Amino acid sequence: MKARTRTHAAAGVLLTPFFVLFTLVMVVPIGYAVWLSLFTQKQSGLGFGGKETVFSGLANYAAALGDPAFREGFVVLLGYCVFYIPLMIGGALALALLLDSTLARARRFFQLALFLPHAVPGIIAALIWVYLYTPQLSPVVDAMEAGGIGFDFFAPEGALPSVINIALWEWLGYNMVIFYAALQAVDRSVLEAATVDGAGAWRIALSIKVPLIRASVVMVALFTVIGSLQLFTEPLIINKGTGSSVTSTWTPNMYAYTAAFDRNDYGLAAAASVLLALTAALLSFAVTRFTGRKGKKA
């Protein structure tokens, strides 16, 4: 019993810093956001008095859900996820499989070259691409127009592909490194046995390698879903572009930012943030349940 007690005590001491930090940076901010979402500021008198904070219950949640701009932000997120998530996971997995193949050359160089965009801060990356999207400034747009290809990256039909392109440029190499590291841990004797049995490169890649790194694929898929719902930096920078169709409430995160810092309605901003967090939690749960069932069947 003494040995078990000492083990539990040691584990408690080692885990205490984690729980303290988790409480400070996760539990407390979330609790404060929920608390803030239950209040609103009202001006007394005929508008000449000072503002006072009053309890409003779920009024801020009703206001957010009743606002067409907030609902349209989720429609934009849906379209973003439909295209971005398959492109991200499929592209990163394909690149990792190519680098892990026996035909690959200069693996270190391509790993570094593909990972380097992730080292660029998101704001800087978005600014670079806004420059490349802007007519009369971008050599890319000039080359496209010279070739007879006209495409407005800031138009309503071009805004979503523009944002997806920036996000792919930033995160594709990062996820590729995760997949490639997982592939390097695959037992080479299994691959050699499959080769001896007559399996080709495609069969080995799809039927052996991918199932063996399933845990990494699930992890990347989960993080990609969560990151997609937090879409903010790229559209915010594009919103500043000339003639951009990206509005200040284009995504739920931008809606909350605008409510807080442009309209000074912190209760509404908190309610929108809580609703977005609940959506992320539900989707994360759905992804883990779906992948868990697939794993059991496999």
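Which hand does the crossing of α3 and α4 have, left or right? I began my notebook with that.

**Ground rules.** I am working on a predicted model, where local features need pLDDT of at least 70, side-chain atom pairs count only at pLDDT 80 or more, and totals for chains, interfaces and linings use all residues. I number residues from 1 along each chain as its sequence is written, and side-chain values use heavy atoms, with hydrogens and water left out.

**α3 and α4.** I took helices as DSSP runs of H or I with at least four residues, numbered from the N terminus. Helix α3 covers residues 68-100 and helix α4 residues 107-119. Their axes lie 10 Å apart, at an angle of about 160°. Axes here are lines fitted to C-alpha atoms over the stretch in contact, and angles run from 0 to 180 degrees between N-to-C directions. That makes α3 roughly antiparallel to α4 (angles over 145 degrees count as such). The crossing is left-handed, meaning that the near helix is turned anticlockwise from the far one by less than a right angle.

I then listed the contact residues (heavy atoms within 4.5 Å). From α3 come L95, L99 and D100, and from α4 come R107, F110, Q111 and L114. I sorted them by class: four nonpolar, one polar and two charged. Ala, Val, Leu, Ile, Met, Phe, Trp, Tyr, Cys and Pro count as nonpolar, Asp, Glu, Lys and Arg as charged, and the others, Gly among them, as polar.

**α8 and α9.** Next I looked at helix α8 (residues 188-196) and helix α9 (residues 201-212). Their axes come within 11 Å and cross at roughly 140°. That makes α8 oblique to α9. The crossing of α8 and α9 is right-handed (clockwise by the rule for hand). V190, L191, A194 and T195 of α8 meet I204, I208 and K209 of α9. Five of the contact residues are nonpolar, one is polar and one is charged.

**Salt bridges.** I count two salt bridges (a side-chain nitrogen of Lys or Arg within 4 Å of a carboxyl oxygen of Asp or Glu). In one, R188 and D100 meet at 3.2 Å, N to O. This pair links distant parts of the chain: R188 sits in helix α8 and D100 in helix α3, 88 residues apart.

**N239.** My last stop was N239, in helix α11 (residues 233-239). Leaving out residues up to four places away in sequence, N239 touches S244, V246, T247, S248 and M254. A polar atom of the N239 side chain lies 2.5 Å from the backbone oxygen of V246. I also checked T251, twelve residues from N239 along the chain. The C-alpha atoms of N239 and T251 are separated by 11 Å.

Technical notes: Helix = DSSP H or I, 4+ residues; strand = E, 2+ residues; numbered from the N terminus. Polar contact = N/O pair within 3.5 Å; in protein donor to acceptor, adjacent residues only side chain to side chain. Parallel < 35°, antiparallel > 145°, perpendicular 65-115°, else oblique.
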